Amino acid sequence: LSHLSSAMGNAVIKLTGLSMGIQWACFPVAYYLGTEKFYDIAGAVTHLALLGFATKRLFPPVGLRGWAPVCMAGLWTLRLGCFLGYRGLRSGDRRFNRIKTQPGAFLAAWTMQGAWALGNLAPTLTALACMSAAGAAAARRPVCLREQLGWALFCFGLTIEAVADWQKLAFRSDPDNARRFISSGLWARSRHPNYFGELCLWAGLAASASASFSRPLHWASLAGPVLNSCLVLFVSGLPLLEAAARKRWGSDPAYQEYESRTPLLVPRLF
């Protein structure tokens, strides 16, 4: 564990520098052009750069088991990056309407994306670090039920997130829905089904990776998903979206009824 903590500390320093470097390099171009339309594309590039640097220089994967979390994180990044990039290029992001002419606030948004990239990849990075500490023996252990369940949970979460995102995009593409909130599809069962899917997929990645670890490394590998979940639940995910929704529709009786009957995160079955 002492070797692992030292390796993770070194990794955090290097990955933070890389993440912030990419974001801050993109910021002057975005500010000069007065646009946020490639904000999410830059975020996806940052995610892929962090993943590539981690696997090439910090924690080279060993065997097929070692590459599994890398492939999972890469698949998620490409899926979400393409979706958000398409949405951004198509219609921009109204969150930036007021701040893209304010250098300090606009820079803070780009900086926050660099930190968010680190948080998003925390489950993958901790899994790779633990595999590196466990050595080649962990890669040779036979596949167990927990790994299979982890892969299934990842696929389930990725599907839920993708379906929820496209349902919301289709809803917002209709001009008649410009001032309405979505309450159909998966959004009729949860106010944030996309985040539910994201938490499921990261939990699945961690569960599948930790199946080959001894107990100390098993618990250490949970640090990434816990950090990611805290960011979503308590920092820049649900709290900001819930506050924005209440500000926009809080006085609408239809939204009040929707909020009272629809779970915040975990979808209701019936």
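At roughly what angle do the axes of helix α7 and helix α8 cross, and within what distance do they come?

**Figure 1. Overall fold of the predicted model.** The protein contains 12 helices and zero strands. Followed along the sequence, its pattern reads α-α-α-α-α-α-α-α-α-α-α-α. Along the principal axes, the C-alpha atoms occupy a box of roughly 60 × 50 × 25 Å.

**Figure 2. Packing of helix α7 against helix α8.** Two packed helices are described by the angle between their axes and the distance between the axes. Helix α7 spans residues 145-173 and helix α8 spans residues 193-210. Their axes come within 7 Å and cross at roughly 160 degrees. Angles over 145 degrees count as roughly antiparallel, and α7 and α8 are therefore roughly antiparallel to each other. The crossing of α7 and α8 is left-handed. Sorted by class, the residues in the contact of α7 with α8 comprise 14 nonpolar, seven polar and five charged.

**Figure 3. Cysteine residues and the search for disulfides.** A disulfide is a covalent bond between the sulfur atoms of two cysteines. Zero disulfides are found in a search of the whole structure. For a disulfide, the two sulfur atoms must be within 2.5 Å. For Cys82, the closest cysteine sulfur is that of Cys71, at 16 Å, and this distance is likewise too far for a bond. Cys82 has a relative accessible area of 56% and is therefore exposed.

Figure 4. Pro69 is located in helix α3, which covers residues 63-91. Is Pro69 buried or exposed? Pro69 counts as buried because its relative accessibility is 2%, and the cut-off for a buried residue is under 20%. Along the chain, Pro69 and Met20 are 49 residues apart.

Conventions
Residues numbered from 1 in each chain as written. Predicted model: local features only at pLDDT ≥ 70, side-chain atom pairs only at ≥ 80, totals over all residues. Heavy atoms only, no water. Buried < 20%, exposed > 50% of the residue type's maximum accessible area, 1.4 Å probe, protein only. Axes fitted to C-alpha atoms, helices over the stretch in contact; angles between N-to-C directions. Helix = DSSP H or I, 4+ residues; strand = E, 2+ residues; numbered from the N terminus. Parallel < 35°, antiparallel > 145°, perpendicular 65-115°, else oblique. Left-handed = near helix turned anticlockwise from the far one by under 90°. Nonpolar A, V, L, I, M, F, W, Y, C, P; charged D, E, K, R; others polar.
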